[in-house]
Amino acid sequence: MNKNHFFCFFILFAVVFGISTELTNKITNRESQLNSLVNAAETILSNPSTTTSDCTYNDWCSSGSSGSCTHHNFGNDQRCGCDGRSFVDFSKSWTSTAPSSRQADTMFEELCASLPLDTNFASAFTSDNSLKWQYIGFGSGFFRGYPFVSLNMEKTSSACTSNCCRRLSTGTCPGFDPRTRPWYNVAASGPKNVILVLDVSGSMVTNNRIGLMKTAAKTTINGLTYLDRVSVIKFSTIGQKLGVLPDVMVQAHEDNREIINSAIDSLSPGGVTNFNSAFQAAFDVLDNSFAADNYTDCSTLLLFLTDGAASDAYLNHVDLIQSRVDSLPASRRARFSIHTMALSDSASVALPKQIACGFNGIFTPISEHSDDLVYAMSTYYEFLALGMEATTPVWSEKYVDVSGLGELVAVSMPVYENGTFKGVAGLDLVWSDLTANDTAEEVVTYLQSRSNNCPDYDLQTCTLERLRGRNNNCGLCPHIWKDDNTDDDGGISSGVLIAIGIAVFVIVVVVIQMGKDKKSGPNMNVQPQQLEMSNYNAQPVTANYGYGAPAVPMGQPMGQPMGYGAPQPNNNLVYIP
């Protein structure tokens, strides 16, 4: 279906479902602006002109003391006494790098290459000052956003009430990782089904492995969106879903993410490590979800984490898993994969690696003395993007802007350099502008209808082997390790693949070998389901079908601009599968 067909479809959708012309125009206009930004970014990245001596790093905390409370409708930044105005600088963008990223050289190259985008950002805002935040996040973890805003500001004095910002003299700037944000995730990977399978056996108490696992699992959950379906299995002597979850996957909107994270926080270690029971419980949830039409038609991933050898190692786990995969509907098997992680310096790696190799996945050994697990579990979608061909914008859930703009929604889209995925670009739109003539439920339904298509997907075998890495590959393409300058059969340049090979040590990815059949998106016809909330001393209430503010990734500030909003507390939660 080409872009003209998509446009006609959505006009028909608007007519049939009573969406106002004003809403349709606002949405299509912002998508058109995003397409222009993506086209500019792809042109600039494919033909870099900035030299390293010209590069400027405008840190979002410690740089850019210039600026003032502006009148450009960028909210009310109370930190500086701006009195209904916002402290931003329209002469430049701000930049940030992901914490503990292994791709420092790549991030520096992207800092330099993307600098000319400042001109495009400024020009777009001049043409339409209703534009809010404009930004691009890269696969390396580098980020550039416009206009410049600083989080490291305070009033010059407590008595000051207007236009009195100054930069804090102390404090460190928290790193920001765009790859863990829902607006990046949904554009990079499309809708998906995700089941986390978490080891809570007794050995997880060693060196606080259980604490590291919880942080990583919650970061993964926070990166999902309302277009995704999710469930969580805990296993030790037996495997079972989290008690607050139903027998099917649930929609990963903000309320559900919050409840799942609370349940993950309550996990405690004990028992042995029964692999078979864990996988059987995961496949039971999948079978129930497929039978109930409660899933997306896109990729399905099992993310399996353990810290030791299987207590039931006498079983043939690969055969047992294969029998469950064979029982899945044929259409579901095409984009199914299992990704395994072995946490601890002494963990047995043979079986987890065998499982990943057998089911189109990636095996990642992770030291218990590092924070690699957080990155490994939360950024598998980076590599989904390498096999994906997404050319249409997608819309996020709404979030609350830290600088005073109120509730926003983001529209985002992948950026490619000469056909290779580089990152995601996005723009924001004020939620109240969208609901001026339409109800919140109508807007949600309309945005979802524009975002839930499955992109084409095709990742070559030898590209997958490079993603697995030199030390953890499955021996399918030995020739690619003989000469690091040899391009793989996926057509990705050697420089990019080398960077990927380095990063894969800490990244779990999903890879599904399939044809390029265009499929429909998530099934949204499932009736709301309430969950028993007795474990949390809260009574279920009728669910709100509007968006919730996306939770902030672990280790991130509690409120951030440009798609990184501040979470809103909600004590009356209920799952909607």
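**Exercise 1.** Is Cys462 buried or exposed, judged by its relative accessibility?

*Solution.* The structure is a predicted model, and the value is computed from it. Step one is to take the relative accessibility of Cys462, which is 7%. Step two is to set this against the cut-off, under which a residue is buried below 20% relative accessible area; Cys462 therefore counts as buried.

**Exercise 2.** Find the partner of Cys462 and describe the link between them.

*Solution.* Cys462 forms a disulfide with Cys477, and their sulfur atoms lie 2.1 Å apart. The torsion about the S-S bond is -90 degrees, and the link of Cys462 and Cys477 is left-handed. As for position, Cys462 is in helix α16 while Cys477 is in the loop between α16 and α17, with 15 residues separating the two. Cys477 has a relative accessible area of 4% and is therefore buried.

**Exercise 3.** Determine which parts of the chain are tied together by the disulfide of Cys357 and Cys474, and state how accessible each cysteine is.

*Solution.* The disulfide from Cys357 to Cys474 has an S to S distance of 1.9 Å. Its torsion about the S-S bond is about -85 degrees, so this disulfide of Cys357 and Cys474 is left-handed. Cys357 belongs to helix α11 (residues 350-358), whereas Cys474 sits in the loop between α16 (461-468) and α17 (494-503), so the pair ties together parts that are 117 residues apart in sequence. Turning to accessibility, Cys357 counts as partly exposed because its relative accessibility is 27%, and Cys474, at 22%, also counts as partly exposed.

**Exercise 4.** Characterise the disulfide that joins Cys298 to Cys454.

*Solution.* The S to S distance between Cys298 and Cys454 is 1.7 Å, and the link is left-handed, with -95 degrees about the S-S bond. The pair links distant parts of the chain, 156 residues apart: Cys298 is in the loop between α8 (275-291) and β12 (299-306), and Cys454 is in the loop between α15 (440-449) and β20 (456-457). Both Cys298 and Cys454 are buried. The count of disulfides comes to 3.

**Exercise 5.** Locate Pro147, Asn208 and Asn360, and describe the backbone feature at each.

*Solution.* Asn208, in the loop between β8 (192-199) and α6 (209-222), has a positive phi near 55 degrees without being a glycine. Asn360, also not a glycine, has a positive phi of about 60 degrees and lies in the loop between α11 and β14 (363-366). With 24% relative accessibility, Asn360 counts as partly exposed.

Definitions and conventions: Residues are numbered from 1 along each chain as its sequence is written. This is a predicted model: local features need pLDDT of at least 70, side-chain atom pairs count only at pLDDT 80 or more; totals for chains, interfaces and linings use all residues. Side-chain values use heavy atoms; hydrogens and water are left out. A disulfide is a pair of cysteine sulfur atoms within 2.5 Å. Helices (H or I, at least four residues) and strands (E, at least two) are DSSP runs, numbered from the N terminus. Buried means under 20% relative accessible area, exposed over 50%, partly exposed in between (1.4 Å probe, protein chains only).
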